Amino acid sequence: MNTQQDSMVHALQWTDAGLRVLDQRRLPEEVVFALCSDAPAVAEAIRTMRVRGAPAIGIAAAFGVVLSVREWRRRDLDRWQERVAEDLQLLAESRPTAVNLFWALERMQQELDRHADDPLPEIVALAERIHRDDIAANRKMGDLGAALLGNSKGVLTHCNAGALATGGYGTALGVIRSAWKKGLDNVYATETRPWLQGARLTVWELQQDGIASTLIADSSAAYLMKQGRIDWLIVGADRIAVNGDVANKIGTYSLAVLAGQHGVKLMVVAPTSTIDWRMPDGSQIEIEQREAAELLPQCYNNPDSLVQAWNPVFDVTPAALITAIVTERGVILNPEEQGIKSLQQ
């Protein structure tokens, strides 16, 4: 059993030269870091999914603001605030569903407003604190979630909600990491179509930390549950509404329905920065639609083709299907009954 305290995986690394980003599109065959030296490069890394996962997107955006301020105070001191505002808008448009993106940008904007003359030292410190606090929150959630699992014989996770998707350690995978230290033996991961985050990222990441896992096709999850091999489905979140509805990677909703059918409990693990306190329920969550080319073979990807593709990146799981929402501020059991307002500070 692995007793290592920290994940070996670090997807975002802040340096004097800029933000080093692990290109997750090239895993697991290649481990390649790219240097983002300005805000547009960070926005592009988010948009193209080199950076992915709601907490990681927020952290990357925070450092994108740092890069913007550093660049424009050097290049255009008279208009630097206007230039930075343009970069903030560019970062905000990079991914619409992950609320952590807007949470981080709002915090950075508030710091900019407080230190209008020379904000660089303060915003560097804030971005580093956002990164550091996320890792600490992940560890806290890992312990809380692992306590809920008890003596579970097996768990299933969907997409990648690990160190690659956060500042480090992970949300759903943070729980699995902590539970593994306590004796959890069986970890299953879905492939997660169409980007294969489970096959390319989750099982790779677990392997880096010495955690054994079993990869399954998305379509085999029901049969796995029917055989009684898992007690919990554990996922992350990209946005949580006030009533406890959760937006997460496409396929989460179908897995939640299957879990309910087979008596499998559903745990959602996410920091409170993922909660959208202005969103009363999940029906109002904007669901990102990505290009058809991500699904279609090249022979169908032309204007005259009779074959089209519908490619939503996320779906919304209603609170009624969720057993527990785990955050760094505590655990909400059966969120349908009480929502999550008790977590608000």
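**Close-up views of charged and aromatic side chains**

**View 1. The stacked pair of Trp-14 and Phe-63****.** With a relative accessible area of 23%, Trp-14 is partly exposed, a class that lies between buried (under 20% relative accessible area) and exposed (over 50%), as computed with a 1.4 Å probe on protein chains only. The model is a predicted one, in which local features need pLDDT of at least 70 and side-chain atom pairs count only at pLDDT 80 or more, whereas totals for chains, interfaces and linings use all residues. Residues are numbered from 1 along each chain as its sequence is written, and side-chain values use heavy atoms, with hydrogens and water left out. A pair of aromatic rings is described by the distance of the centres and the angle of the planes. The structure holds 1 aromatic pair. Its members are Trp-14 and Phe-63, whose ring centres are 4.8 Å apart and whose planes meet at 15°, so the pair is stacked. Because Trp-14 lies in strand S1 (residues 12-15) and Phe-63 in helix H2, the pair ties together parts that are 49 residues apart in sequence. Phe-63 counts as buried, at 1% relative accessibility. Rings of Phe, Tyr and Trp (its six-membered ring) pair if their centres lie within 6.5 Å, and planes under 30 degrees apart count as stacked, over 60 as edge-to-face and the rest as tilted. Helices (H or I, at least four residues) and strands (E, at least two) are DSSP runs, numbered from the N terminus.

View 2. Glu-71 and Arg-75 form a salt bridge, with the closest N and O atoms 2.5 Å apart; the term stands for a side-chain nitrogen of Lys or Arg within 4 Å of a carboxyl oxygen of Asp or Glu. Glu-71 is buried at 11% relative accessibility, whereas Arg-75 is exposed at 54%. In the salt bridge between Arg-73 and Asp-118, the closest N and O atoms are 3.7 Å apart. Arg-73 is partly exposed at 23%, and Asp-118 is partly exposed at 44%.

**View 3. The salt bridge of Asp-276 with Arg-239****.** The N to O distance is 2.4 Å. The pair links distant parts of the chain, 37 residues apart, with Asp-276 in the loop between strand S10 (265-269) and strand S11 (314-317) and Arg-239 in strand S8 (residues 239-240). Asp-276 is buried at 6% relative accessibility, and Arg-239 is buried with a relative accessible area of 8%.

**View 4. Arg-50, buried and without a salt bridge****.** Arg-50 is placed in the loop between helix H1 (39-47) and H2. The nearest side chain of opposite charge is that of Glu-44, 4.9 Å away, where Lys and Arg count as positive and Asp and Glu as negative, while His and the chain ends are not counted. Leaving aside neighbours within four places in sequence, the residues in contact with Arg-50 (heavy atoms within 4.5 Å) include Val-21, Leu-22, Asp-23, Arg-25 and Glu-44.
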